[in-house]
Structures are given as C-alpha cells and as structure tokens.
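Have the sequence and coordinates open as you read.

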Amino acid sequence: MSTSRPSSAALGAPRTRRPSRTVLLLLALLAVLLPAALATAPARAEPPASVEVTDTTRSVDPEILEHRLAEIDFRTEVRLVVLVLDVTEHGLDPADDRALNDAVLDHARGSDPSLLSADGSHWADGTVILALDPNNRFLGSYAGEDVKLSDSDFEAVQDAMRDPARDADWDGSLEAGAKKYASLLHRPWWRHPAALVAAAAVVVGAVVAAVSTLGPRLAARRRVDRALPRHRDVLTKRAITDAAARTLPEHSAYAQVAVLAHVRFSQDLEEAARLRAALPEPAKRRWAWGLRGRERATAADFERVVERLDDADDDILAAADLLHRSGEWRAVWDRELEPLRDSSPPSGRSRRTAGR
C-alpha cells in the first residue's frame, strides 16, 4: 500500500561577465523587499479542524493534550490525529524498523478507516497523524497527499519529537511534533532555509561590495580634503619661497641643491594646478565622486605632489636662512649636523697596547 511515504524512526537512530557592484546592491535590496512584496497578505493562522488523541498505552492525558494541540496554528485546516500505541499489540516485531508504520496502518484499517483515502491506497486528505510507541521507543509522522511534507521535513518533525521523547516527556514530544509540522506545512518559499541562506549570501556580498566601493571613495575624499589646505599654504608662501631661491649664491655647492629643488618646486606647482583644476570644489562635489578609478587616481596624485611642494618650500627657505645666517639658521645647522652626530663612534677610554 502506498501511504505518501509514511515515516517512522527509532528514538536512538543516528542522524562571463561579472556583475557590477551596483547590481549586487540591488540584489541585496531585492532579497529584503521581495518577500514582503510577495506576501501581500499575512499567512492564515488556522487551528486544527479537529484534534483526536488515541492512547492505548495510558502514557498521555488525552484531554489535556487535545486542548494543547488545538491551540496550534496551521496554515490550513487539518484533522490532527495522535496515536499512542504499542506495536506488539498489533502482532509486530519491535526489531522491525517499519513496525510503527505497519501498526498505524493496522489501526487505521481495523479501528478508524476514515484515516485512509476512499481507495485505501493513501492517507486521507487533510489528515496529519503523529504516532508514538513509548514502550518500544518509536515515533513517526504521516499525512494525506494534500498536506504531506517533503522527506526532509518529515525528518525535521521527528527530530523535534525526539528530544522530549528521550526524557519520557510523551506529551511534550507530540506537542513539539505538531508545532514543527505546523511551521513547515505550506511554508512560503522565502522562509525556506535555503532561500534564507541565499538571501544572506546576497546581502553579505552586497555589503562586501559596498565596503570595497565606498572605502576607496571615502579615502579619495580624505586625500583631497587633507591636501587642499596644504596646497593653499604653499601658494601663500610661494612669493617668499621664490624670493629665497633667487638669493641663493651660485658658487655654493650647498645652494645648488636648493636651486635644483626650486626648479622641481616650480614644476610641481604647475602639476598641482593642473590636478587641482580636475578636482571639484568640496561644496559642489557630488555624492558619487571618488567611485571611479580615474577620480581616485587624481586624488592620490594631487596629495603626493602637494606633499612634495610642502617639503620643498621648507627646504628652500631653510637653505636660504643657513647660507645667509638669518632667521632660524642655527636650528637648520643643528639639523644638518644631526646625521653626523648619529654616525660618530661612542666616546670612551682608549688603552695603548703594551709593547717593547
């Protein structure tokens, strides 16, 4: 007889073109909003149309159990049947893994034919059966074709029943199985664990894409924001720097280094002006500025040139002060001597080697 894959188990059984980051962000948004859009109305909460508890082993309190099971909400009306029996009373061997299946089927044929379809080849439509054999430690779940679960979901129901059953909490085992069955029956696809995992993967991917996109964007903006005031300071001091370079004595080798630095300084000023012209004013900078590689490269180049300019004008002014012995030339001289001091051997006593 085909019984829509009735299931029972012993209690002790073991168990080519890459999408853009924008597309990933949209997918993440869809993963969050699509389920809500599809679920135009909340899922119905349907208590069982009827609850029937049959216990031939006196292991549960039928009246209390029926009351507790009647409060469980399914997504459709079902006839919830609980069978607590002993497979040996049906002439079955407890060593047979299918003993509970056969005992439930024997009970249906002999005591309650309404559990079966009209042709007797399936369980009746709308019927959910939870079965338990406390003495021989079997449990199982069965259902009509219209309310049956997948094999893995049947296993999940039995797993929910198994822990309370190990503690001999038979009422708790059956209630846990009913609640699990109700949560899985007609479950929306977007509540399926695989769909949740896929949605989580999309969200994680979108977050990673957002971080990898927005991080460089913020870095480019910070580069420009740091470089702009330094660039303005260099331009403010430019006249002083140029004047200091013109006063450098041509015969001094030390001065020649500063003169060459000033030539490079002038070239870098032109380069900085070109890069600055390619940068938008901070107040007019659009939100997306810095997302493009070209924009990030311009920001990096501008910061690098401004750093050279800032260092160069200090060096040129310091060289002029030293050569003319003006301003802070003594501090400049101390800086020039510092490498020599660092390379000098440590002071200490010397001993003459004795000899004839």
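Arginine 79 has threonine 127 as its bridge partner in β4. Keep in mind that this is a predicted model. That pair belongs to strands β3 (residues 79-84) and β4, which run parallel and are joined by six bridges.

**Around β4**
- β3, helix α3 (residues 99-111) and β4 together make a right-handed β-α-β unit.
- On its other pairing, β4 runs antiparallel to strand β5 (residues 138-143), again with six bridges.

**Burial of β4**
- Seven of the seven residues in β4 (residues 127-133) are buried, so the strand is largely enclosed by the rest of the structure.
- Thr127, Ile129, Ala131 and Asp133 point one way from the strand, while Val128, Leu130 and Leu132 point the other way.
- Both of those sets are buried.

**Helix α4**
- α4 covers residues 151-166, and its 16 residues should span 22 Å at 1.5 Å a residue; the end C-alpha atoms are 22 Å apart, so the two agree.
- Its buried residues include Asp153, Phe154, Val157, Gln158 and Asp159, and Met161, Arg162, Pro164 and Ala165 are buried too.
- Just after α4, alanine 168 takes a positive phi of about 60°.

Conventions. Residues are numbered from 1 along each chain as its sequence is written. This is a predicted model: local features need pLDDT of at least 70, side-chain atom pairs count only at pLDDT 80 or more; totals for chains, interfaces and linings use all residues. Side-chain values use heavy atoms; hydrogens and water are left out. Helices (H or I, at least four residues) and strands (E, at least two) are DSSP runs, numbered from the N terminus. The expected span of a helix is 1.5 Å times one less than its number of residues. Buried means under 20% relative accessible area, exposed over 50%, partly exposed in between (1.4 Å probe, protein chains only). Two strands pair if DSSP finds at least two bridges between them. A crossover is right-handed if, with the strands pointing away from the viewer, the path from the first strand over the helix to the second runs clockwise.
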